Structures are given as structure tokens and as C-alpha cells.
Amino acid sequence: MRVMLRETRKKELKEHIYKTAIHLFRDKGFDEVTVEEITKACGIAKGTFYNYFARKEDIILHLGRSQIEYIHEHLERYTQIPVLKDRLLKLFQDLMERDAEESELFRLTVQEVMRSSLHMREEMSAIGVFQDAVAWILRRAAERGELGTHVDPDEASSVLVGIYMYSLLTWTASAEGPDRMLPVFRRRFEVVWRGLDAK
């Protein structure tokens, strides 16, 4: 119980550092904000900051990494959903709901990633891990006979993650509320699903 409580507090502090830093980046610009300013705003020592983030740039990449952690923690649970289409939609829906919870932070983070080629390269690596997770779900489905033999799980996962990312990016660039993300994604998903489901 004590270990779980300690882990919860560590996660909460990491999220606090992340959110505080993103707001500072928005107000002053990423390059203008120092680690010292972040630690002062958080009320923590500099050493504590480095326990959670090896460098300032890692704050920007935290969102993508936390999404990947979430996927891996829950991957087995998604495979228990009996219908493949529902399984995939549930995964993407859960991720979008996580993004929507902190929609302003999500927008700010994405904008900062887009501004930096270094951040973009590292973010693309995280997207690759996401694609691998979706491909794993599709491969398991193929083994069970739920997916047509004409479907390449790796190619299909790259298309599904692609429409997910595009839906998030178009929402980020718009003034629409987070409740608009899922219906837009679902419409695009349905188009792709017709191809995946054609036995």
C-alpha cells in the first residue's frame, strides 16, 4: 500500500512539473524558460526536477510517452473486447478522452513539438511504438481469423494511427472543443474499416 501511494505521488509530481512547464512555455516561449524557473514555479529543488526529466526538452515529449505507457499498461485489456472493430475504437477513444481532459495542455504541447525538428524526430519514434501496439492487436486478430488475409497488420496500423494523428492535429489547429475529435475520427475510421473488413 505504501509503495502504491509513493508511486501515485511521484506520478502526480511529474504531472505537476509537466503542466507548470507547458504553461511557462506558452507564456514566454520554450527557449526563454529555464529549468530554474520551472523548479521555482513548482516549488521543488533542481535535483528533484532531474529525478523526473533528464532535460528540459523531455517535458515536451512527456505527453507522447505517457500515452505509450497507457497503451502498454492496458493492451491486454483491449484484446479481451470480443469484436475487433470495437476493440480498436475503444483504444483510440480512450486515448482521445485522455487528450481531451487537458485539451489546452495538449494543444500547447503539440504546437511546441511542431516548432522543433528535434522534438518532432523523437515524437515520431513514439508514434512508431504506438503503431507497433496497434499492429500487435491486428496480428492477434488475424491469428483468430478476425481479419482478412488481404490485410497487412503493419500497413493497416500505420493507416489507423495516421488518421488518429491527423484527427488530433486538425483539431489542435481549430477552435473546436475536444468533444469534436471523436466523431471526426470515427467517420474517418469507418472509411478505413470498410477496406479492413472486406473478406
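Rings of Phe, Tyr and Trp, the last taken by its six-membered ring, count as a pair if their centres lie within 6.5 Å. In this predicted model, ring pairs of that kind link F92, F130, Y164, F185, F189 and W193 into a cluster, and a search of the whole structure finds ten aromatic pairs.

One of these pairs is made by F25 and F30, whose ring centres are 4.8 Å apart and whose planes stand at 65°, so the pair is edge-to-face, given that an angle over 60 degrees is the cut-off for that class. F25 has a relative accessibility of 3% and therefore counts as buried, and F30, with a relative accessible area of 8%, is buried as well.

A further pair, between F92 and F185, is tilted. F92 belongs to helix α5 (residues 84-101) and F185 to helix α9 (residues 181-196), so their contact ties together parts that are 93 residues apart in sequence. Both F92 and F185 are buried.

The two pairs described here can be set side by side.

| Pair | Centre to centre | Angle between planes | Class |
|---|---|---|---|
| F25 and F30 | 4.8 Å | 65° | edge-to-face |
| F92 and F185 | 5.0 Å | 45° | tilted |

The charged end of K56 sits over the ring of F30, 4.3 Å from the ring centre, while the charged end of K14 sits over the ring of F53, at 5.3 Å from its centre.

Definitions and conventions: Residues are numbered from 1 along each chain as its sequence is written. This is a predicted model: local features need pLDDT of at least 70, side-chain atom pairs count only at pLDDT 80 or more; totals for chains, interfaces and linings use all residues. Side-chain values use heavy atoms; hydrogens and water are left out. Rings of Phe, Tyr and Trp (its six-membered ring) pair if their centres lie within 6.5 Å; planes under 30 degrees apart count as stacked, over 60 as edge-to-face and the rest as tilted. Buried means under 20% relative accessible area, exposed over 50%, partly exposed in between (1.4 Å probe, protein chains only). Helices (H or I, at least four residues) and strands (E, at least two) are DSSP runs, numbered from the N terminus. A charge sits over a ring if NZ of Lys or CZ of Arg is within 6 Å of the ring centre and within 35 degrees of the ring normal.
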